[in-house]
Amino acid sequence: MEVLNLGILAHVDAGKTSLTERLLYTAGVIDEVGSVDDGSTQTDSLALERQRGITIKSAVVSFAIGDVTVNLIDTPGHPDFIAEVERALSVLDGAVLVISAVEGVQAQTRVLMRTLQRLRIPTLIFVNKLDRSGAQYDGVLRQIAAKLTPAIVPMGEATHLGTPQATFKPIVQENTLLEVLTEQDEDLLARYVDDEPLSPDTLHHALTTQTHQARVHPVYFGSAITGAGTDTLSDGIRDLLPRARTDATPLDGSVFKVERGPAGEKIAYVRLFSGTADVRDRVRFGEHEAKVTALQVFGTSARTAGAGQIAKLWGLAEVHIGDRITDVRNISGTERPFVSAHQEYFAPPTLETVISARRPSDKGNLRVALTQLAEQDPLINLRQDDLRQETYVSLYGEVQKEVIETTLATEFGIEVDFRETTTICIERIVGAGAAVEFNKKDPNPFLATVGLRVEPAPLNAGVSFELEVELGSMPYAFIKAVEETVRETLHQGVHGWQIPDAHVVMTHSGYSARQSHAHAVFDKSMSSTAGDFRNLTPLVLMTALQEAGTTVHEPMHHFQLEIPTDTTRAVLAALARLRAIPQVPALAAETSTLEGEIPAAAVYELEQQLAALTRGEGVLESAFERYQPVTGPIPDRSRTDHDPLNRREYLLHIQRRV
């Protein structure tokens with residue numbers, strides 16, 4: 001059977017989970033339609049999802065429409081989980097965007113549609129809740145055309161709106177269909193102008209082609225609760241969305257979800273773009289290799305996963321979300337690995353908070369639980385403060401606190417508290433700096449010589465480490481210890497923030513050779529160890545950084561505001577108070593657009609003020625854009641270890657530890 005990997009996306013509470021239930025029921029997968037209100041749905045597995053009626057983690061369920069196996073990925077719609085949405089989109093062949101017939105196009109609907117269009121994912125639009133009081137037909141179509149895309153084709157007509165008898169008749173208006181299709185296809189337009197007869201089959205083929213190309217979006221109406229219009233939508237999914245490609249080689253897949261099994265083992269959800277995977281195959285992912293110990297393919301009983309399919313793989317203990325799965329046999333020597341077109345990029349989280357267990361006895365268990373949560377989501381970063389015995393967790397928004405709190409309580413039995421959320425900054429190196437400390441020369445108490453030079457690196461270049469000393473000048477284990485410690489130390493710069501981009505050169509090296517007394521064992525007091533280099537490197541590196549100088553940069557979001565024109569002055573004044581940098585407004589008679597940059601720390605405050613400033617009509621979209629130097633007082637971040645720039649304290653700590 002052919003395979004279609006389908007995503008359902010929507011604004012919060014538009015009814016996408018209910019639609020999933022209806023599609024599963026129609027396909028005969030379940031015996032009754034689950035209810036979000038009752039918490040009996042198939043795809044919302046987290047307690048908070050059932051409690052709040054929102055989808056947070058993507059889930060995969062399979063069903064058949066005719067001869068097509070549909071792997072349906074129910075994706076989140078809340079803006080705090082846009083990373084989950086992006087992750088799910090990377091594995092889709094097509095999508096259904098759900099809109100409420102009552103509330104119409106919402107702010108997050110527009111964010112999702114723009115993302116789908118940017119990634120050129122073929123998309124059908126389903127207007128749900130046709131049976132609800134206040135449901136609209138013409139009004140919602142006008143909103144879709146004005147706020148999402150004008151290239152839409154209504155696939156039928158709705159009757160008895162706002163009543164339990166609401167129905168959707170699949171009748172396509174030929175004039176509307178011709179108008180939309182000819183705008184997207186010059187050849188079709190020429191044939192129409194020349195009065196050449198265009199048969200229904202010709203128009204259907206053109207509609208299918210343009211839908212596959214994400215140039216046209218068919219629109220369906222219905223109700224997931226009553227089932228009205230869902231059969232027609234199923235036909236559209238089968239007939240108008242493209243099937244998964246089945247490239248033969250080489251093996252290339254993307255890990256879009258990781259979960260833990262009953263025994264604590266990791267299970268990787270993988271979309272295969274090409275090649276095949278089987279049990280006992282050795283695969284490469286990230287910097288690791290492992291053997292697949294078990295495999296399950298969604299929608300089939302096959303034990304081999306092929307291109308286009310989604311599979312669960314066991315045995316990949318070091319796997320992480322976002323890893324690319326390749327066959328080790330396709331990578332030999334220095335040959336460049338096959339590069340997939342499906343590369344993912346996640347904007348960094350820009351907020352963090354301290355999390356603590358309410359019961360002191362849960363302190364150790366909390367760290368283990370948080371580590372498992374971080375494995376399942378690459379955007380949850382943990383930072384341990386050993387001095388204060390505190391754990392920091394990174395966030396995208398306040399709702400993530402609720403998700404983490406509920407997950408820890410239900411899955412691990414741990415109750416937690418959070419502190420106030422703060423912004424995550426970074427440091428960048430200004431100039432060049434160098435430092436060196438020599439073996440057996442005061443004030444160096446370690447049996448090691450380390451000299452380092454630090455220099456700025458290009459944006460997003462990462463940390464590079466280079467040798468100006470000969471590789472054989474001392475044991476490689478000592479050089480490796482210096483490099484590893486350099487990378488670790490750069491997580492906390494002069495002001496305590498991470499330095500993501502740096503070029504570090506090792507300029508001096510030296511050690512005391514292995515010595516022992518006569519007829520005695522190895523004497524560590526006379527011979528260098530890797531520990532000497534690990535302890536000395538932070539002192540040298542931080543001294544070089546202090547000489548080079550660093551600046552603190554704060555995260556900036558790009559924002560787009562659509563507001564009533566008569567509220568522009570008030571909104572601009574609020575943006576100025578929030579240190580935003582708006583561009584020249586695009587003014588129009590009724591609705592105007594404002595774009596620009598705003599500090600990440602001010603986004604939440606803007607969201608809170610927007611309704612009052614714009615009479616509830618303003619729409620805000622924002623996403624991480626870049627880092628820029630902090631203006632005003634430089635924010636310092638408390639270090640999570642002993643500061644190498646405070647030499648006396650640092651050395652006392654090392655001596656106590658030893």
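1. Leaving aside neighbours within four places in sequence, I144 is in contact with I99, V105, I125, V127, T149, I152 and V219. Do keep in mind throughout that this is a predicted model.

2. As background, nonpolar side chains in soluble globular proteins tend to be buried together.

3. Next, a look at V61. This residue sits in strand β2, which covers residues 59-65. Is V61 buried or exposed? With a relative accessible area of 17%, V61 counts as buried, because the cut-off for that label is under 20%. Between V61 and V29 there are 9.4 Å from C-alpha to C-alpha, while in sequence the two are 32 residues apart.

4. Both ends of α7 deserve a glance. At its start, the backbone nitrogen of D187 has a side-chain oxygen of D185 within 3.0 Å. After the helix comes D195, with a positive phi near 60°.

5. Staying with D195: the residue is not a glycine, yet its phi is positive, at about 60°. Where is D195 placed? The answer is the loop that runs between α7 (186-193) and α8 (200-212). D195 has a relative accessible area of 67% and is therefore classed as exposed, the cut-off being over 50%.

6. Q389 is another non-glycine residue to check, with a positive phi of about 55°. Look for Q389 in the loop between β20 (382-385) and β21 (390-395). Its relative accessible area is 46%, so Q389 is partly exposed.

7. Lastly, please look at the peptide bond that joins D442 and P443. Here the model has a cis bond, with omega at about 5°. P443 is found in a loop, with β25 (433-437) on one side and β26 (448-455) on the other.

Definitions and conventions
Residues numbered from 1 in each chain as written. Predicted model: local features only at pLDDT ≥ 70, side-chain atom pairs only at ≥ 80, totals over all residues. Heavy atoms only, no water. Helix = DSSP H or I, 4+ residues; strand = E, 2+ residues; numbered from the N terminus. Buried < 20%, exposed > 50% of the residue type's maximum accessible area, 1.4 Å probe, protein only. Polar contact = N/O pair within 3.5 Å; in protein donor to acceptor, adjacent residues only side chain to side chain. Contact = heavy atoms within 4.5 Å.
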